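Student: I have a structure to read, and I would like to learn how to approach it. Could you guide me through it step by step?

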Amino acid sequence: MHRVFRTALIGLALLQGACSIQPWVKPYERDRLADPIMSWDRDALSGAYIDHIYDSREGSRGATGTAGGGCGCN
Amino acid sequence: MKRSYRRIARLAACAALVIVGVAGAAVLPDDRADIFYSDYKGGGMDITGKSVLVRKKFSEAFAVEGNYFVDTVSGASVDVLSNASVIKDERKQKSLSLEYIHDKTSYNLAYTNSTERDYISNTTHFSLSQDMFGDLTTVSLGFTNSRNSIGENNGTAFKPVVQWLGHSESRSFEGGISQVVTKNLITGVTLEVITDQGLLSNPYRSIRFCSNPTGSVPCAGGFTLGSQVYPNTHTSTAVETRAKYYLPYRAAASVSYRYFSDTWGIKANTVEVGYTQPLSNLWILEARVRYYDQNHATFYSDLFPFANSQNFEARDQNLAGSTNTTVGLKATYAFLPEGWKIFKRGTVTGDVSHIHFKYNDFTDLRALDGDFTGIAGTEPNYEFNATVYQIYISMFF
């Protein structure tokens with residue numbers, strides 16, 4: 001019983017610790033992250049087109065952030 | 001007692017803050033209009049694509065995006081050539097997407113219709129993303145549903161006679177986290193599970209089996225073509241992890257890895273590295289290298305020993321063991337860096353990708369005589385090069 005109580009206390013302490021985490025990259029330090037060269041996908045149309053080419057010719061699919069599209073069977 | 005009550009209240013308040021976030025609200029990206037042209041050449045196919053995209057904010061919280069894409073296909077891939085004539089087809093894709101932002105949550109609802117002479121697909125997509133932990137973390141969830149009608153053109157390219165063969169339905173569940181790690185490093189991970197059911201085989205592709213399997217030399221009598229038989233269910237899981245780093249000078253390097261596995265026995269790995277180098281404020285140059293490999297599906301074979309030798313049989317090149325390597329270069333030029341009238345800026349982008357596809361157990365039947373006689377199974381493995389050109393103009397307003 002004591003063990004359960006102790007584990008619960010440790011869990012709560014950890015939760016509180018996690019909760020008190022402050023953003024370690026301040027808003028004024030994010031100029032580099034906001035640079036367009038740091039964007040994952042600046043041109044969604046081009047990215048979706050390339051993904052469609054791979055989807056039509058490979059056995060794998062998914063986890064690339066695009067949806068929809070047609071067959072490209074021929 | 002009072003002290004512990006305060007502590008619990010503090011914990012609860014803290015948890016609420018974690019969920020809601022602490023910094024400013026999310027914002028929609030700039031309005032933009034794109035005109036896009038692409039050309040894919042390789043493996044006997046020539047596909048040109050033309051597209052228009054317009055994205056417009058109607059308030060600070062609501063935006064609409066419309067996209068129209070037309071693919072024109074001529075030629076046919078090598079396995080289609082083994083049992084069909086050259087194909088000319090067109091695919092028209094229309095998409096409408098609505099995006100709404102409330103505080104730190106972004107909601108996206110999209111509908112896509114894609115129509116070919118022998119294939120119709122309707123896709124509905126919903127996703128939401130939430131910024132949290134002082135906007136250092138973005139969590140996103142998505143759901144996609146597609147309904148497809150599959151047909152086969154038994155006529156010619158110019159006089160099509162389409163026979164509708166069946167339907168398939170696909171559902172996708174996606175979750176992702178994007179995390180700012182340092183002021184120079186951003187990382188992300190995405191998991192997507194897709195499940196399909198219905199008619200999942202490609203009607204234009206065939207299996208082949210030995211015409212005379214009992215002879216002294218196996219398959220000495222050449223081969224015979226037969227219909228593919230696929231399972232009518234398919235579930236796949238893909239997980240991708242990626243990172244992008246801002247280098248000590250103004251440039252960025254990226255890396256991503258995706259692992260894929262499905263219920264048809266395919267396992268695949270994709271690795272991509274990229275480098276982005278701006279030149280002054282007018283040019284952004286990018287280079288990328290992508291490597292992909294997969295093993296073949298359990299019911300795939302390049303040459304079956306005899307007719308109906310398995311309950312499921314496929315010889316679709318997408319299900320064969322294969323590797324491919326892409327080298328891509330991209331240049332973006334800002335031709336209106338200071339803006340003009342309603343436009344804040346404009347860019348023109350050129351992109352060239354070279355892809356080398358190589359198959360481990362999918363052979364080139366063109367090595368045999370035209371009537372497919374000779375010893376089947378001795379053909380060389382198939383490989384081909386493809387080049388993809390893209391050029392597009394983007395206006396931001």
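Tutor: We will go from the chains to their contact and then to the nonpolar cores. This is a predicted model, in which local features need pLDDT of at least 70 and side-chain atom pairs count only at pLDDT 80 or more, while totals for chains, interfaces and linings use all residues. Residues are numbered from 1 along each chain as its sequence is written, and chains are lettered from A in the order in which they are written.

Student: How many helices and strands are there in chain A?

Tutor: Helices (H or I, at least four residues) and strands (E, at least two) are DSSP runs, numbered from the N terminus. Chain A has 2 helices and 0 strands.

Student: Which residues touch the most other members of the largest nonpolar core?

Tutor: A nonpolar core is a set of buried Ala, Val, Leu, Ile, Met, Phe, Trp, Tyr and Cys residues joined through C-beta atoms within 7 Å, where buried means that 20 or more other C-beta atoms lie within 10 Å of the residue's own. In the largest core, which has 22 residues, they are B:A297 and B:L319. Strand β10 of chain B gives the largest share of this core, 3 residues. A second, separate core of 16 residues includes A:L45, A:I53, B:Y40 and B:Y392.

Note on methods:
A residue is buried if 20 or more other C-beta atoms lie within 10 Å of its own, exposed if 12 or fewer, and partly exposed in between; C-beta atoms are placed from the backbone.
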